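Visitor: I am new to this structure. Please show me one part up close, and then walk me on to some other places.

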Amino acid sequence: MDECCVRTVDVSEIVQAVRKLAMNTTSNVPKGAINALEDAYLREESPVGKEVIRQILENHRIAREESVPACQDTGVAMLFIEVGQDVRFTGGDLYEAINEGVRQGYVQGYLRKSIVTDPLFERVNTGDNTPSVIYTDIVPGTDVKIMFAAKGGGAENMSGLVMLPPAAGVEGVRKFVIDQVRKAGPNPCPPIVVGVGIGGTFDRVALLAKKAVIRDVGTSNPHPKYAQLERELLEEINKLGIGPQGFGGRTTALSVNIEFAPCHIASLPVACNLNCHAGPHDSIVI
Amino acid sequence: MAVIRISTPLTDEITASLKAGDNVIISGTLYTARDAAHKRLVSLIREGKELPMDIQGQIIYYVGPAPAKPGQAIGSAGPTTSYRMDSYAPILMEHGLKGMIGKGSRSESVRDAMVRYKAVYFAAIGGAGALLAKCVKASEIVAYEELGPEAIRKLTVEDFPAVVVNDTFGNDLYEQGVKEYKIDTCK
């Protein structure tokens, strides 16, 4: 490779960027979610539901002004890293640097540590919220984009995946998503954000749903048919009556976000990943 | 909206006066416990051993708080999802527990136990941890410090807002709410 095109990034920059993201993200609920909550407050017909949304907005204001986490569950630290293919990392291991940033951010930011060592037998808290879940994509260029999401456990537990036959079509997708939200009921802290992955493979569709659920509220899929399906699903979910916190009302979801990918001729994988009304995430480009 | 003020410990008279959908403000003591602490408490009961705190008439709050920043009594402290404690809750009610605070639906066996033992399940607003932390005036660890956020804490709360979801008569606010606001679609 032509040496002049290679950009060197010391991993200490990664540590600092991840630390900063971890410390600041959970107290700053994204603007898109705040706007959607403000709209929902005006529209909500249930008096109890309206009061719940008012308190949620008040909570998010306190979190921002006092730099405290909006929710005590500051989640699994999820890092989505886009690495320019002309970047060369120096000074250490990239994944260790990411985890060091998470460690420093969660300790210095007074965030809750919610990770246990093994899932089944010991379940000992690691004490610093590591290891994080890391996905890397190689992209053209010399930038490094780091996206951080603090994914809470309550909404994550209400997620699901199905391998539909292609004949199930749009109706099959619709039924699966609506059933998933209905079954989740009050558990994932409605009003929720619904992330839907469609296509790919068994493993890829789950990641599509994750990427969908952390997409900003207020954005649509660029494909008009999928954007239309997002709107229709949102309307249908808000007819379920679950409402804010499940106490009954019109605002069950703030947004339905779909991400899709090509798939096998025999398959129609669908995954549904849920997030609460806060859904903290942010990104930095180095 | 009418708000009912209650203080801990709860008596049968207090729990019997509450109805699903009531807005309450709680003052007094709340004990925190979630998955890992419940597992240990129930093991102690099954082994005939003493619990680290007296649960007679008490309320358990399902929460794993964030660490307190300097000057705070506690970090953000909203409810966690309650169904994970469903397999442990009836035996605690049998031994005197009168209230639970969390979020989300309870199983039928928990709801039956609430009727039988005159206990109440309250919901606090999930994801409002910063707001709810302001009602916590003091926090001390009672047991299982090694569990970190899952340790049992004794919280002193003032005007902690919650909603009655399951009362001692078998009513369920979540079912009532959906029934009232569901729009049927012909599909």
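Guide: The tour begins with a pair of helices in chain A, and other stops follow.

This is a predicted model: local features need pLDDT of at least 70, side-chain atom pairs count only at pLDDT 80 or more, and totals for chains, interfaces and linings use all residues. Residues are numbered from 1 along each chain as its sequence is written, while chains are lettered from A and ligands numbered from 1 in the order in which they are written.

Start with helix α6 (residues 169–184) and helix α8 (residues 224–237) of chain A. Helices are DSSP runs of H or I with at least four residues, strands are runs of E with at least two, and both are numbered from the N terminus. The axes of α6(A) and α8(A) come within 10 Å and cross at roughly 40°. Axes here are lines fitted to C-alpha atoms, for helices over the stretch in contact, with angles from 0 to 180 degrees between N-to-C directions. The two helices are therefore oblique to each other. (Under 35 degrees counts as roughly parallel, over 145 as roughly antiparallel, 65 to 115 as roughly perpendicular, and the rest as oblique.)

Which residues make the contact? From α6(A) come A:Val170, A:Arg174, A:Val177, A:Ile178 and A:Val181. From α8(A) come A:Leu229, A:Leu233, A:Glu236 and A:Ile237. Contact means C-beta atoms, placed from the backbone, within 7 Å. By kind, the residues of this contact are seven nonpolar, no polar and two charged. (Ala, Val, Leu, Ile, Met, Phe, Trp, Tyr, Cys and Pro count as nonpolar; Asp, Glu, Lys and Arg as charged; the others, Gly among them, as polar.)

Follow chain A past α6. A:Pro191 sits in the loop between α6 and β7 (192–200). The peptide bond from A:Pro190 to A:Pro191 is cis, with omega near 5°.

Now helix α4 of chain A, residues 94–108. Its 15 residues reach 21 Å from first C-alpha to last, close to the 21 Å expected at 1.5 Å a residue. (The expected span is 1.5 Å times one less than the number of residues.) Its buried residues include A:Ala97, A:Ile98, A:Val102 and A:Tyr106. A residue is buried if 20 or more other C-beta atoms, placed from the backbone, lie within 10 Å of its own, exposed if 12 or fewer, and partly exposed in between. The buried residues of α4(A) pack against α1 (11–25), β2 (76–84) and β4 (133–139) of chain A. After α4(A) comes A:Tyr110, with a positive phi near 55°. In the loop between α4 and β4 lies A:Arg123. Phi of A:Arg123 is near 50°, positive in a residue other than glycine. A:Arg123 counts as partly exposed, with 14 C-beta neighbours inside 10 Å.

Cross to chain B. The contact between the chains takes 40 residues from chain B and 45 residues from chain A. On the side of chain B, α5 (129–133) and α6 (173–181) each supply at least two residues.

Last, B:Ala20. Its place is the loop between α1 (12–17) and β2 (23–32) of chain B. Buried or exposed? B:Ala20 counts as buried, with 21 C-beta neighbours inside 10 Å. Beyond four places in sequence, its contacts include B:Val164, B:Asn171 and B:Leu173.

Note on methods
Two residues are in contact if their C-beta atoms, placed from the backbone, lie within 7 Å.
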